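User: Hi! I would like to learn how to read the features of a protein model, one at a time. Could you walk me through this one?

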Amino acid sequence: MVEVGRWVDSTVRRRSSTPDEVRDRRRCHVATAALQVVDERGADAGTGLIAERAGIPRPHVYRYFASRDDLDDEVARLAAHDLIQKVRPHLARRGTPAQVVEGLVHACATWADAHPHLYRFLAARGQSRTLHRARMGRSRLLDEIAAAARGYTRSGDESFPEGILVGVMGMVDATVIWWLDQRDETLDLMVRRLSRHVTLVLQDALAAHGIHLDPAVELEPFIGE
C-alpha cells in the first residue's frame with residue numbers, strides 16, 4: 001500500500017511558513033490521502049472517503065483542488081512517480097533485447113500486482129487529454145523509455161519512432177489488466193509471454209524504420225553528452 005505521510009503542522013512551522021507553503025503542504029497531504037484511497041478502493045472512491053482519510057471536512061478538499069479531475073491528475077502524477085522509480089533501474093541495464101524488455105515488463109507487472117487499482121487508474125488516465133497536456137504521469141514514463149530506447153539503438157531524437165512505444169505500452173497495459181482481472185496464469189508466465197510478444201513487435205517495427213536489433217547481441221545503455 002502506498003503510504004500517506006504524516007501531516008505535521010506545528011506552531012513553529014505555521015509561523016515560519018508562507019501561506020503558499022502551508023497550502024502546498026496541505027494540498028500534498030490531501031493528494032497523498034487520495035492516492036491511498038484509490039490504491040485501496042479504486043478510482044470510483046468518493047471524495048468523502050478521501051476527506052476522511054486526510055482528516056478534513058469533505059468541502060475542504062476543494063480548498064486545495066479546483067475539481068475532482070484536478071485531484072485525480074495529482075494522484076496520477078504521484079502514482080506514476082512511484083511506478084517510474086520501480087522501472088527506472090531497468091532502463092540502464094545491459095542485456096539482449098529480450099532481457100531488457102523482460103526487465104521492464106516485469107517491473108511494470110509486479111508494481112501492478114501490488115497496486116492493481118492504481119495501475120488501472122494510470123492506464124485510464126494515460127489516455128486522457130488532461131494527462132498528456134500536462135506531460136506528466138504516464139507520459140513521463142514514456143519519455144524515459146523513449147530516451148533509453150534511443151540510447152540502446154544509438155538512434156537520434158528524430159529517427160527513433162516514439163509512436164512504436166505508445167502502441168507497445170498499450171499492449172502491455174491491456175495484457176496486464178487482463179491478467180489482473182483473470183489471474184489465469186502465474187505472474188512470471190504472463191511476464192515471459194508478454195515480453196516475447198513485445199520484443200517481436202519492437203524488432204519488427206524498428207526494422208521497418210531501418211533500425212535492426214540482433215536478438216543475440218547484448219545491448220549497452222548509452223546516454224549522449
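Analyst: Happy to. Let us start with a term we will need: a contact means heavy atoms within 4.5 Å. Keep in mind too that this is a predicted model. Now try L219: not counting residues up to four places away in sequence, L219 touches R93, R94, G95, T96, P97, Y152 and L213.

User: Where is L219 found, and is L219 buried or exposed?

Analyst: L219 is found in the segment after helix 11. Buried means under 20% relative accessible area. L219 has a relative accessible area of 13%, so L219 is buried. There is a spatial relation to note as well: L219 and G151 are 68 residues apart in sequence, yet their C-alpha atoms are 9.4 Å apart in space.

User: T96 was among the residues that L219 touches. With which residues is T96 in contact, leaving aside its neighbours within four places in sequence?

Analyst: They are P215, A216, V217, E218 and L219. T96 itself is found in the loop between helix 5 (68–87) and helix 6 (97–114). With a relative accessible area of 13%, T96 falls under the 20% cut-off and is therefore buried.

User: How many helices and strands does the protein chain have?

Analyst: The protein chain has eleven helices and zero strands. Of its 225 residues, 46% count as buried. For contacts, take those between residues at least 6 apart in sequence: 68% of them join residues at least 24 apart.

User: Let me try a residue within a helix. In which helix does A80 lie, and is A80 buried or exposed?

Analyst: A80 lies in helix 5. Its relative accessible area is 2%, so A80 is buried. The C-alpha atoms of A80 and L118 are separated by 9.0 Å, although the two residues are 38 apart along the chain.

User: How do I look for empty space inside a model?

Analyst: The general idea is that rolling a probe the size of a water molecule over the atoms shows where empty space is left. In this model, there is one cavity of 30 Å³ or more. The largest cavity has a volume of about 450 Å³. It is lined by 28 residues, and the closest to its centre are V101, L104, I145, L165 and L202.

User: Which helices each supply at least two residues of the lining of the largest cavity?

Analyst: Helix 6, helix 9 (138–153), helix 10 (162–182) and helix 11 (187–208) do. Helix 9 gives the largest share of that lining, seven residues.

User: How many residues of the lining of the largest cavity are nonpolar, polar and charged?

Analyst: The lining divides into 24 nonpolar residues, three polar and one charged.

User: And how do I read aromatic rings?

Analyst: A pair of aromatic rings is described by the distance of the centres and the angle of the planes. The count here comes to one aromatic pair. W111 and Y119 form this pair, with 6.5 Å from centre to centre and 55° between the planes, which makes it tilted. Both W111 and Y119 are buried.

User: Which residue lies over the face of W179?

Analyst: That is R183, at 4.3 Å from the ring centre of W179.

Notes:
Residues are numbered from 1 along each chain as its sequence is written. This is a predicted model: local features need pLDDT of at least 70, side-chain atom pairs count only at pLDDT 80 or more; totals for chains, interfaces and linings use all residues. Side-chain values use heavy atoms; hydrogens and water are left out. Helices (H or I, at least four residues) and strands (E, at least two) are DSSP runs, numbered from the N terminus. Buried means under 20% relative accessible area, exposed over 50%, partly exposed in between (1.4 Å probe, protein chains only). On a 1 Å grid over the protein atoms alone, a cavity is a set of points where a 1.4 Å probe fits but cannot get out, and a pocket is an open set with protein on both sides within 12 Å along at least five of seven lines; lining residues have an atom within 4 Å of a point. Grid points are joined across faces, edges and corners, and a volume is the space filled by probe spheres set on the points. Ala, Val, Leu, Ile, Met, Phe, Trp, Tyr, Cys and Pro count as nonpolar, Asp, Glu, Lys and Arg as charged, and the others, Gly among them, as polar. Rings of Phe, Tyr and Trp (its six-membered ring) pair if their centres lie within 6.5 Å; planes under 30 degrees apart count as stacked, over 60 as edge-to-face and the rest as tilted. A charge sits over a ring if NZ of Lys or CZ of Arg is within 6 Å of the ring centre and within 35 degrees of the ring normal.
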